[in-house]
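Have the viewer ready as you read.

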Amino acid sequence: MSEQHPLANATVSMLRAKINENPTTLSEEWLSWLASDPRKGVQQLYRQYQKQQAQIKAEKEAVRALRAYEDQLRQQGYQAICGVDEVGRGPLAGPVVTCAVILPEDLPPFHFDDSKQLSHKKRQELVRAIDHYAVSVKIAVVDNTVIDQINILEATKQAMTESIQALDPKADYVLTDAVHLPLIDQPQENWIHGDARLYSVAAASIYAKEYRDNLMTQYAQKYPEYGFERNAGYGTKEHLLALEKYGPTPIHRLSFAPVKAAQNRAHR
């Protein structure tokens, strides 16, 4: 008489419940039993578990890679490491928004990623985590009138500088996404694609994008023809058609070519 399989009396539902209860504490012996169970439902359950664990491992590795450089800076004695990023350099309307954030060394391993690659729901979850755990986080907003006066790059530098200087405690090292800031006192590094390569810069990018998207949704209620809640002020087909039909609003950047052209046509 063959020996009964150790999990033979457990239904697929019971096994799924055990996995979901705490997937990180399952013993190697128990997983070996699961892998050897001949039932199709159990095999499917085991493959799902393996896939989930592989995803968790990949996310942990991604977080470790994003944190690596900041970990090196901490080993050199820096503790209040600030990541700063902007959102809104390209749109035809609305402000440029920057975020500066100092994250604690013992932050749980949240997977901050390039904000453009994340869903709105996921960004909201990460913003709540930043609000809860950050040592300090500050937003700066520079509106379209200033952008028109000093150009978008200088407006971005101004906003980044303001958000960094508002931090409490003060940062002792600054990491930016590509932009050099001549008016800050701290040592700084400017990484190309920093929002995909540095942990705190990625966090700042997510926070700034959510803040600006919310602002543009509020503007959409005042100027409903332009679809700002969908395009965030970028020059989509919908936005350009509305600009052609209705002309610029008070939040449009008159120094940007499509807006300037629409304004000129309106004044003919």
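This is a predicted model: local features need pLDDT of at least 70, side-chain atom pairs count only at pLDDT 80 or more; totals for chains, interfaces and linings use all residues.

Residues are numbered from 1 along each chain as its sequence is written, and side-chain values use heavy atoms, with hydrogens and water left out.

**The helix pair**

Start with α4 (residues 120-133) and α7 (residues 199-222), whose axes come within 9 Å and cross at roughly 115°. That makes α4 roughly perpendicular to α7 (angles of 65 to 115 degrees count as such). Axes here are lines fitted to C-alpha atoms over the stretch in contact, and angles run from 0 to 180 degrees between N-to-C directions. Helices are DSSP runs (H or I, at least four residues) and strands are E runs of at least two, numbered from the N terminus.

Who touches whom, with contact meaning heavy atoms within 4.5 Å?

| Helix | Residues in the contact |
|---|---|
| α4 (residues 120-133) | H120, R123, Q124, L126, V127, I130 and D131 |
| α7 (residues 199-222) | A203, I206, Y207, K209, E210 and D213 |

By class, this contact of α4 with α7 has six nonpolar, two polar and five charged residues. Ala, Val, Leu, Ile, Met, Phe, Trp, Tyr, Cys and Pro count as nonpolar, Asp, Glu, Lys and Arg as charged, and the others, Gly among them, as polar.

**The cavity**

The structure holds one cavity of 30 Å³ or more. A cavity is a set of points on a 1 Å grid over the protein atoms alone where a 1.4 Å probe fits but cannot get out, and lining residues have an atom within 4 Å of a point. About 60 Å³ of space lies in the largest cavity, a volume being the space filled by probe spheres set on the points. Its lining is R67, E70, D71, R74, L103, P104, E105, L107 and Y199. Helix α3 (residues 40-75) gives the most to that lining, with four residues.

**Backbone details**

The D168 to P169 peptide bond is cis, with omega near 10°. P169 sits in the loop between α6 (152-165) and β4 (173-177).

Notes. Angles under 35 degrees count as roughly parallel, over 145 as roughly antiparallel, 65 to 115 as roughly perpendicular and the rest as oblique. Contact means heavy atoms within 4.5 Å. On a 1 Å grid over the protein atoms alone, a cavity is a set of points where a 1.4 Å probe fits but cannot get out, and a pocket is an open set with protein on both sides within 12 Å along at least five of seven lines; lining residues have an atom within 4 Å of a point.
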